[in-house]
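The stops below are given in the order in which to select them.

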Amino acid sequence: MITKQKGTTDIYGITGKKWLYLNNLIEDICRSYNYDYIRTPIFEATELFHRGVGETTDIVTKETYDFKDRGDRSITLRPEGTAGVVRSYIENKMYGDATQPVKLFYNGTMYRYERPQSGRMRELTQFGCEVLGCDDPYIDAEVISIPVLLFKMIGLRNIKVNINTLGDEESRNNYREALINYLKPHINELCEDCQKRLEKNPLRILDCKIDAENEILKNAPTILDYLNDSSKERFDKVKHYLELMDIDYEVNPKIVRGLDYYNHTVFEIEATVKDFGAQNVLAGGGRYNNMVEMLDGPSTPAIGFACGLDRLMLAIEKEDIELNIFNQIDCFLMYVSDTEKDMAVKIVNDLRSNGIICDMENMGRSLKAQFKQADRLNSKFLLLLNDKDLENNVVTIKDNVTKEEQKINIDELLDYLNVNI
RNA sequence: GCGGAAUUGGUGAAGUGGUUAACACGCCGGAUUGUGGCUCCGGUAUGCAUGAGUUCGAUCCUCAUAUUUCGCCCCA
């Protein structure tokens with residue numbers, strides 16, 4: 001038997017219905033925010049991701065799906081959505097569009113070569129939004145409010161919005177230096193991994209699980225102490241707009257969001273659901289004012305977030321949230337003889353082309369089993385055909401809730417269903 | 001890249017180095033001659049992830065592989 005690849009999953013059945021529901025909800029929300037849909041390719045030039053992320057980290061060296069195509073081009077399956085969107089923004093010169101800022105959303109699969117665990121797949125699905133060409137602090141708050149609204153509409157209660165700022169370049173560099181100077185004398189008191197991080201990625205040390213209770217880290221300087229006036233003012237405005245939108249948040253200086261291209265606002269929304277697992281960040285993002293320029297575009301402020309749908313689905317299941325999914329049909333047609341079947345085909349075809357959701361028997365079941373099938377499909381009405389009635393152009397329709405049944409002329413069937421569904 | 005746990009029908013699973021691999025749900029059929037859901041009866045794994053090995057004999061023991069799962073690292 002050929003089985004699915006490690007870290008991939010099949011979505012079908014009731015989960016498939018939930019999936020469609022979520023995707024529709026996402027589309028509706030993004031439309032209400034006036035974000036336009038963008039679909040970029042699943043594979044891009046390897047260099048796009050390498051330049052965006054920086055060559056040093058593990059990410060590039062071992063966590064992307066890289067391969068050479070037949071033309072010997074170096075190709076990478078996209079590990080995230082932002083780089084492709086930014087590439088498209090530059091390539092299609094969207095910075096020249098009449099309507100600014102450019103507000104985009106995407107929804108698609110991403111690929112990361114990692115060991116799977118709870119909430120971590122090799123093929124994952126993320127939806128995300130990006131706003132390019134706007135530095136208004138309100139936009140930062142707006143971008144945060146999108147996943148917050150999504151979670152609220154789904155009914156997820158146990159979530160926490162963490163925000164932080166990395167400040168502008170000056171603030172960030174000053175802080176980085178101060179942090180290294182503070183930690184250096186204590187280096188031997190930190191865990192092995194953190195010792196390695198000190199030069200490579202010192203901000204990451206703040207988020208270490210092993211050293212979380214270490215007094216040294218608790219007393220470490222935070223970025224908030226090193227913000228210059230303009231960065232501080234900017235952050236205050238973001239918070240102000242979040243408050244205007246009644247969004248509960250917590251300022252958490254530990255949120256650093258890994259990579260270099262972030263500045264100013266960064267945020268993560270985590271699931272605080274019981275037994276959720278180690279990978280509990282449902283959505284995260286931040287401002288990346290340098291990235292467009294890094295990818296050879298004009299200097300353009302930008303901010304965005306990405307939300308992992310697989311994790312979101314996990315949270316929905318852990319919380320036993322009932323989504324308002326579509327899981328029933330209007331009518332199921334039952335018959336036994338061949339002449340009855342011919343009429344069933346005509347009727348079912350006619351009903352479907354008039355928007356009635358219906359199905360018919362196709363397995364040669366006994367009538368008894370056909371009733372069971374209709375129940376499994378949650379059919380609101382049952383249509384029973386028999387040859388004797390068909391001679392008079394009549395069928396039996398049974399309301400599967402009240403169990404009342406009546407004979408009805410086939411010509412009146414559509415009207416009857418439209419009124420009673 | 002590193003580590004722990006797991007893998008038995010459609011599903012949940014019990015079980016044992018030795019005849020026919022429990023039980024339950026589901027499904028199919030019948031009792032009910034074309035009106036179900038209750039009840040009763042019958043049918044539903046030549047098979048215990050795959051491949052080697054130990055053994056007279058392996059689903060059970062050993063090893064390898066795959067997959068699943070949970071962590072670590074990393075987190076775009």
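Predicted model: local features only at pLDDT ≥ 70, side-chain atom pairs only at ≥ 80, totals over all residues.

**Stop 1: Cys129 and its surroundings**

Setting aside residues within four places in sequence, Cys129 has contacts with Cys30, Tyr35, Leu104, Phe105, Val143, Ile146, Gly304 and Phe305.

Now widen the selection to the largest nonpolar core, which has 69 residues. Leu104, Cys129, Val143 and Cys307 are the members that touch the most others. Helix α5 (residues 137-154) supplies the largest share of this core, eight residues. A separate, second core holds 21 residues, among them Tyr335, Cys358, Met360 and Leu417. In soluble globular proteins, nonpolar side chains tend to be buried together.

**Stop 2**

Select residues 281-287, strand β10, where six of the seven residues are buried.

**Stop 3: helix α12**

Move on to residues 309-318, helix α12. Which of its residues are buried? They are Leu309, Arg311, Leu312, Leu314, Ala315 and Ile316. Show α1 (13-32), β6 (123-132), α5, β9, β10 and β11 as well: these are among the elements that cover the buried residues of α12.

Finish at Asp320, which follows α12 and has a positive phi, near 55 degrees.

Note on methods. Residues numbered from 1 in each chain as written. Chains lettered and ligands numbered in written order. Buried ≥ 20, exposed ≤ 12 C-beta atoms within 10 Å, placed from the backbone. Helix = DSSP H or I, 4+ residues; strand = E, 2+ residues; numbered from the N terminus. Core = buried A, V, L, I, M, F, W, Y, C linked by C-beta atoms within 7 Å. Contact = placed C-beta atoms within 7 Å.
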